[in-house]
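The following note sets out several points on the structure shown below. It is arranged as numbered paragraphs for a colleague who will examine the coordinates directly.

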Amino acid sequence: MRYDCVIIGGGLSGITCGIRLAEKGASCAVISTGMSALHFSSGSIDLFGHEGEGKTVFRPFEFLDDFIGSNPLHPYARCGSSQIREALFYFRDQLGREDIDLYNNDDANHFHVTTLGTLKPTFFSQRSVFNEKIRQAFEKKSKIAALNFEGYRDFYPELAVINLKRNILFRNIEIISGKILYPDYGDPRRNPFEYRSIDIARIFDTERYLEDLAAQIRAAAGDAAFAAMPAFLGITNFKRHHQLLQQLTGLLIYEIPTLPPSILGMRIDNALKSRFAALGGVYIAGDTVKSGTISGGRLESVYTENGGASALGAGNFVLASGSFFSGGLVSEFSRVREPVFGLRVHSDAERSRWYAPEFFPRDGHPFLEYGVETDERLNPLTDDGQRIANLYCIGALLPHYNPIREGSGGGVAVSTGYRAAELILAGN
Amino acid sequence: MIKLENISFDHCIKCTVCTIYCPVARATHHFPGPKQSGPDTERLRIKNPELLDDSLKYCTNCKRCEIACPSNVKIADIIQSSKWRYFKNVFRVRDFFLARTDLMGSVATRVSYLVNFFIKLFPVKFFLDRFMKIPSERRFPKYAQGTFLSWYNKHRKEQEAFAEKAVYFHGCYVNYNNHDLGKDVLTVLNAINVGVIVTDEKCCGVPLIANGYIDKARKNALFNIHSLEKSASAIGARIVSASSSCSFALKHEYPNLLEIDNSAILDDLDYITRFIHERFENGNVPAMKPVPVRAAYHSPCHLERMGGVMNTIEVLKKIPGLDLTILHSECCGIAGTYGFKKEYYKVAQKVGAELFKRIERVNPEIVITDCETCKWQIEMSTPYRVEHPVTVLARAIDGKKL
Ligand SMILES: Cc1cc2nc3c(=O)[nH]c(=O)nc-3n(C[C@H](O)[C@H](O)[C@H](O)COP(=O)(O)OP(=O)(O)OC[C@H]3O[C@@H](n4cnc5c(N)ncnc54)[C@H](O)[C@@H]3O)c2cc1C
Ligand code: SF4
Ligand code: SF4
């Protein structure tokens, strides 16, 4: 079988790349072992949140203009700042077509509240997580009610409130916490161990209890202007539920990302796959690319676990297989390896230098900056130094950046995905 | 004793992604979901089988959890093998009959009119429901008169005359219930100049595995591997099957679940649309007449697990006039013999409800799917007729009415 482009890995970077290619008429297949890091992310897309000394970046594009010059190996430097902007707004536009509206504060970062009640700088958020009205209400110091569902264990509003109160921005804001009872909760047949965000979200997708819940939220929120709740509004129809619930309660309702599985991330995953399919892309789930045939500096075809001996050919290939977490990189005792093609990896031979002694080190763990070495066209090298001209590496697989320390994971995935698509399109 | 190779549960990072995508966990709170029934409790069961929890019987073996898992845990395999490893094997007449599709088929096809007639009668349904725990709402597939094999044997000579040939694993459903599908396979493969060879085969083992008859399943597996290998290697042919679940069993369940080495045939096995698609890609496309029908395609779970859905879709796209809507991937709920059991019937219908709704929204003239049990389930639960992709292709080739 043959496609114009085969993309290995169906996460944020792989599908963004696939959407761009498919939109331009290329026949594209995405192959993905399992679900991607989006299922664990906040669902907000970070562009650049913290610079070297841990200082918050407020205007990421301005920051990047300088940063790229002095960090030529950083994935952002492979894209260039104008293409990063193009990529991000392209991404926002594509999600908009799937009914996900992303909020951005023009060129500036905004802050979303985390499960722990800390504030995190980010570039795009879903409108139920942040929007103009929420910002205005903050500025007016309106009272907030942090509410949770009885029995839901992945969000502790009390803890969030304590942390929020430490933040200077919230010092003069009154925050109360409260509980609401999920109508199905008393069902004795319910399994108490699996009461997760997804269970709540599913019931919301049916709209069955909306009015009942609205009444409870109203009562628990008292005279607050906001109700902050764990992200729960469902996966498919959340926009409508958000509006309905705000109408029914007369409150601003905003969602706080929870521990995984993340409803907010799954919405994006859903929307991206749906957009890709609408453009004619083929998504092959549950299969793993095992190896490939490289000849004359080109990748001719790849072989998958399910496909056995039958090859999947393409003019271009994209490797978007993620970092350690997704299996794009594998660590053995004394080396880090790229398992599909054995590509050259940037890492340290000395295992003790892979990580810092603290759990949350200020400079981040070195292993987070390991990955597949590429040239400026995102082309990798084989272990014996041969450049593969039609294979492009993108996303969390790339080295020389630290998504956690910088707060740049989503932005790198989107921009390198888009960049690879542009390179492929320009080459044809 | 802990077998070292069977520790994929250790790769589990407890992310719960599998449970999100499990259609049964979505439909009922009685099932705690793949994470808990699979990797979480497997480590306990290995130590002490008494820690077995009955609820894992709710698992339908649809494999959707495995497709979703980022850590490649063979969750469904863990659950299935726990079912037969640790539950005491109590003989149930119903499960025996449901599992033995070949035995039932070979008897019923001799007296198919009688069987088809009786099975619909109220007292029979009442008896089945009350004493066999087969729900009276459940409709049965009809039995055919005689077997596909005996029809095929009359045509064997013509098929052997083709220069290129493929060995066709027809499975129980074609042999005992739906000869037409087998004939359609001949129509299509002959149209691309491939002769169809049928060899000795036994039930692939899917219903046996589901009902805990593992020794019998293993015996069948060994028989099939040997027979298919002999027949295919003699003429250098590939082995095709038009049932997504048979195909899945031959390819995946034999090595992963039954722990039987199928490497002798593995590289030659193709689900039929992959075989056809490959030939189409090489320019071997038969002349086709338009099939002006509005159709909705449903992808069966096991075909999804095999990564074969795109082949079927690509093949269907080649049929002129066919107006095709691809349905969102959902489990239909029947899961082979699962939906025939009274204790699971309601869950099965609830699992399928989302799919049925989506089909109704499209309101097609026909539904197309690769799996016979999906067909039974959709035909029983919606007003729509269901056809196999090969059948639709055969109508485009022979121009007869679909
Ligand atoms: C827990 C967590 C939270 C995060 N939170 C945020 C956040 O709030 N905001 C933000 O902007 N960023 C966040 N990030 C970072 C960001 O989500 C990731 O950097 C980004 O999603 C990476 O996307 P990717 O497509 O490169 O890789 P991934 O999302 O990791 O996807 C890789 C895919 O490739 C598949 N794969 C791997 N090997 C193969 C193979 N051989 N064959 C086929 N398929 C294969 C995997 O199954 C996986 O689906 C977070 C990351 C993590 C891990
Ligand atoms: S998806 Fe895989 S890793 Fe995650 S909980 Fe399920 S089995 Fe474990
Ligand atoms: S095989 Fe299907 S029913 Fe069983 S646990 Fe996995 S997803 Fe659920």
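How many of the residues of strand E7 (residues 144-149) of chain A are buried?

1. The model discussed here is predicted. In this model, six of the six residues of strand E7 in chain A are buried, and the strand is accordingly described as mostly covered. A:Ile144, A:Ala146 and A:Asn148 point one way from E7(A), while A:Ala145, A:Leu147 and A:Phe149 point the other way, and all are buried. In a regular strand, side chains alternate between the two faces of the sheet. E7(A) runs parallel to strand E8 (residues 175-180) of chain A, and six bridges join the two. Within this pairing, A:Ile144 stands opposite A:Ile175 of E8(A).

2. A surface feature of chain A also deserves attention. A:Leu116, A:Tyr156 and A:Leu159 form a nonpolar patch on the surface, and together they have about 290 Å² of accessible area. A:Leu159 belongs to helix H6 (residues 157-166) of chain A. The relative accessible area of A:Leu159 is 37%, so this residue is partly exposed.

3. A:Asn390 of chain A is located in the loop between strand E18 (371-372) and strand E19 (391-393). Is A:Asn390 buried or exposed? Its relative accessibility is 1%, and A:Asn390 therefore counts as buried, the limit being under 20%. Leaving aside residues up to four places away in sequence, A:Asn390 touches A:Arg298, A:Leu299, A:Ala314, A:Gly315, A:Asn316 and A:Phe317.

4. In chain B, four strands form an open sheet with parallel pairing, in the order E2-E1-E3-E4. Strand E2 (194-197) and strand E4 (269-271) of chain B stand at the edges; each has a single partner strand, so one side of each has no neighbour in the sheet. Neighbouring strands of this sheet are turned against each other by 35° on average, direction ignored. Strand E1 (residues 164-169) and strand E3 (residues 238-241) of chain B run parallel and are joined by four bridges. In this pairing, B:Phe169 has B:Ser241 of E3(B) as its bridge partner.

5. Which helices pack against these strands? Helix H13 (residues 179-191) of chain B lies across E1, E2 and E3 of chain B and runs at about 150° to E2(B). Helix H15 (residues 214-235) of chain B also packs on the sheet, where it touches E1, E2 and E3 of chain B; the direction of H15 makes about 170° with that of E1(B).

6. Strand E5 (residues 294-298) of chain B is mostly covered, with four of its five residues buried. E5(B) runs parallel to strand E6 (residues 323-326) of chain B, the two being joined by four bridges. E5(B) also pairs in the parallel sense with strand E7 (residues 366-369) of chain B, over four bridges. B:Tyr297 stands opposite B:Ile326 in E6(B) and opposite B:Ile368 in E7(B).

7. Over all chains, the structure holds 41 salt bridges. In one of them, the side chains of A:Glu132 and A:Arg127 meet at 3.1 Å, N to O. A:Glu132 counts as partly exposed at 33% relative accessibility, and A:Arg127 is likewise partly exposed, with a relative accessible area of 31%.

8. The side chains of B:Glu253 and B:Lys63 meet in a salt bridge of 3.2 Å, N to O. This pair links distant parts of the chain, 190 residues apart: B:Glu253 lies in helix H16 (residues 244-256) of chain B, and B:Lys63 in the loop between helix H3 (34-47) and helix H4 (64-68) of chain B. B:Glu253 is buried at 2% relative accessibility, and B:Lys63 is buried with a relative accessible area of 1%.

9. B:Arg395 forms a salt bridge with B:Asp398, in which the closest N and O atoms are 2.9 Å apart. Both residues lie in helix H23 (residues 389-398) of chain B, three residues apart, about one turn of the helix. B:Arg395 is buried, with a relative accessible area of 13%, whereas B:Asp398 counts as partly exposed at 26% relative accessibility.

10. Finally, a network of salt bridges links B:Arg26, B:Glu330, B:Glu354, B:Lys357 and B:Arg358.

Methods. Residues numbered from 1 in each chain as written. Chains lettered and ligands numbered in written order. Predicted model: local features only at pLDDT ≥ 70, side-chain atom pairs only at ≥ 80, totals over all residues. Heavy atoms only, no water. Patch = residues over 30% accessible without salt bridge, like charges linked within 9 Å, V, L, I, M, F, W, Y side chains within 5 Å. Areas by Shrake-Rupley, 256 points an atom, 1.4 Å probe, with all protein chains shown as cover. Salt bridge = Lys/Arg side-chain N within 4 Å of Asp/Glu carboxyl O. Buried < 20%, exposed > 50% of the residue type's maximum accessible area, 1.4 Å probe, protein only. Pairing = 2+ DSSP bridges. Axes fitted to C-alpha atoms, helices over the stretch in contact; angles between N-to-C directions. Contact = heavy atoms within 4.5 Å.
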